[in-house]
Amino acid sequence: MDSQVRLLTAPFDPAALLAAFTAGLPHAGGVVSFLGQVRAGEGVEALELRHYEPLTLPAMRDLAVRVRGRWDIDGLLIVHRSGEMGPAEPIVLVAAAARHRRDAFAAVDFAMDHLKSESWFWKREKRGGIWHWIEPREQDFEDIARWG
Amino acid sequence: MQARLVFLGRLEDLAGCADHDLAASAPLDWYDVLGWLGDHFVPELADTVAGDKVRVAVNGALLGDKHALVLADGDELAFLPPVSGG
């Protein structure tokens, strides 16, 4: 199955997308998925992700090609939100389907590390009615470095 | 010649706008662009953009070396600060 890579500007239903993804992959023995959502608490009222149209989706597609080239998986789903989101709202969904689970786990882990630190998104949070841009965390660079 | 500048992330706050049109009598190199930014925005914008952490793309193509920039008529120049996705 071709990779499915989507950049969405409206809320999405992770369960529905995952169900549709797995329905197309009856021969995969394992499907691993990761869902990232807006963390509630710490005074965060809203989160906004901005993207740059000419770069963001093409780079997500390139990432999907790299993942497919690195692991033996039968299907790959990458869905990323842009725009304003509230607490507990889904931000990112990555799923990989494979004959055996280890490739699927690794593919999702790799894709998430690269989405976090290399994708063309800029994030800001609203706290106390004021927007603050979020700088990349050192941990994100360490996460990506382990893939060599 | 006329070009469009796009400011991503916190650069938008420094510029006070997400994009801005630039008009000049001839194509601009990187240092011309920094000078133009200095003339039209707060000094911190040009200083930040000149730093190593900000990358640039022309018409959706990343430049390996922004000092090699030549900005011509109809181009879109995007300033890309460090990303923070997911």
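Reader: In which sense do strand E1 of chain B and E2(B) pair, and over how many bridges?

Author: This is a predicted model, and every value below is computed from it. Strand E1 (residues 2–7) of chain B and E2(B) pair in the antiparallel sense over 5 bridges.

Reader: What other elements does chain B have, and in what order do they run?

Author: Chain B has 3 helices and 7 strands. From the N terminus on, they run β-α-β-β-α-α-β-β-β-β.

Reader: What makes chain B as compact as a globular protein of that length?

Author: The globule rule gives 12 Å for 86 residues, and the radius of gyration of chain B is 12 Å, so chain B is as compact as a globular protein of that length. Its C-alpha trace spans about 40 × 25 × 20 Å along the principal axes. Of the 86 residues, 31% count as buried. Among contacts in chain B with a separation of 6 or more, residues 24 or more positions apart account for 53%.

Reader: How do you know that H2(B) and H3(B) are roughly antiparallel to each other?

Author: The axes of helix H2 (residues 30–40) and helix H3 (residues 43–50) of chain B cross at roughly 155° and come within 7 Å. Angles over 145 degrees count as roughly antiparallel, and H2(B) and H3(B) therefore receive that description.

Reader: Which residues make the contact of H2(B) with H3(B)?

Author: H2(B) supplies Leu34(B), Leu37(B) and Gly38(B), while H3(B) supplies Pro43(B), Leu45(B), Ala46(B), Val49(B) and Ala50(B). By class, the residues of this contact are 7 nonpolar, 1 polar and no charged.

Reader: Why is Ser84(B) called buried?

Author: A residue is buried if 20 or more other C-beta atoms lie within 10 Å of its own. Ser84(B) has 21 other C-beta atoms within 10 Å, so Ser84(B) is buried. Its place is in the segment after strand E7 (76–80) of chain B.

Reader: Which residues is Ser84(B) in contact with, leaving aside its neighbours within four places in sequence?

Author: They are Phe121(A), Trp122(A), Lys123(A), Ile134(A), Glu135(A) and Pro136(A). As for a residue of its own chain, Asp39(B) is 45 residues from Ser84(B) in sequence and 29 Å away in space, C-alpha to C-alpha.

Reader: How many residues does the contact take from chain A and from chain B?

Author: The contact takes 21 residues from chain A and 12 residues from chain B. On the side of chain A that touches chain B, the elements giving two or more residues are strand E3 (44–51), helix H2 (53–70), E6, helix H3 (101–118) and strand E7 (121–127) of chain A. H3(A) gives the most, with 4 residues. That side of chain A has 14 nonpolar, 2 polar and 5 charged residues.

Reader: What makes strand E6 of chain A mostly covered?

Author: In strand E6 (residues 90–98) of chain A, 9 of its 9 residues are buried.

Reader: Which strands pair with E6(A), and over how many bridges?

Author: Strand E2 (residues 30–37) of chain A pairs with E6(A) in the antiparallel sense over 8 bridges. In E6(A), Val92(A) is the bridge partner of Gly36(A). Strand E4 (residues 75–81) of chain A also runs antiparallel to E6(A), joined by 6 bridges. Here the bridge partner of Ile78(A) in E6(A) is Val94(A).

Reader: How do you know that the radius of gyration of chain A agrees with that of a compact globule?

Author: A compact globule with 148 residues would have a radius of gyration near 15 Å, and chain A has 16 Å, which agrees. Buried residues make up 32% of chain A.

How values were computed:
Residues numbered from 1 in each chain as written. Chains lettered and ligands numbered in written order. Predicted model: local features only at pLDDT ≥ 70, side-chain atom pairs only at ≥ 80, totals over all residues. Rg over C-alpha atoms; globule rule 2.2 N^0.38 Å. Buried ≥ 20, exposed ≤ 12 C-beta atoms within 10 Å, placed from the backbone. Contact = placed C-beta atoms within 7 Å. Pairing = 2+ DSSP bridges. Nonpolar A, V, L, I, M, F, W, Y, C, P; charged D, E, K, R; others polar. Axes fitted to C-alpha atoms, helices over the stretch in contact; angles between N-to-C directions. Parallel < 35°, antiparallel > 145°, perpendicular 65-115°, else oblique.
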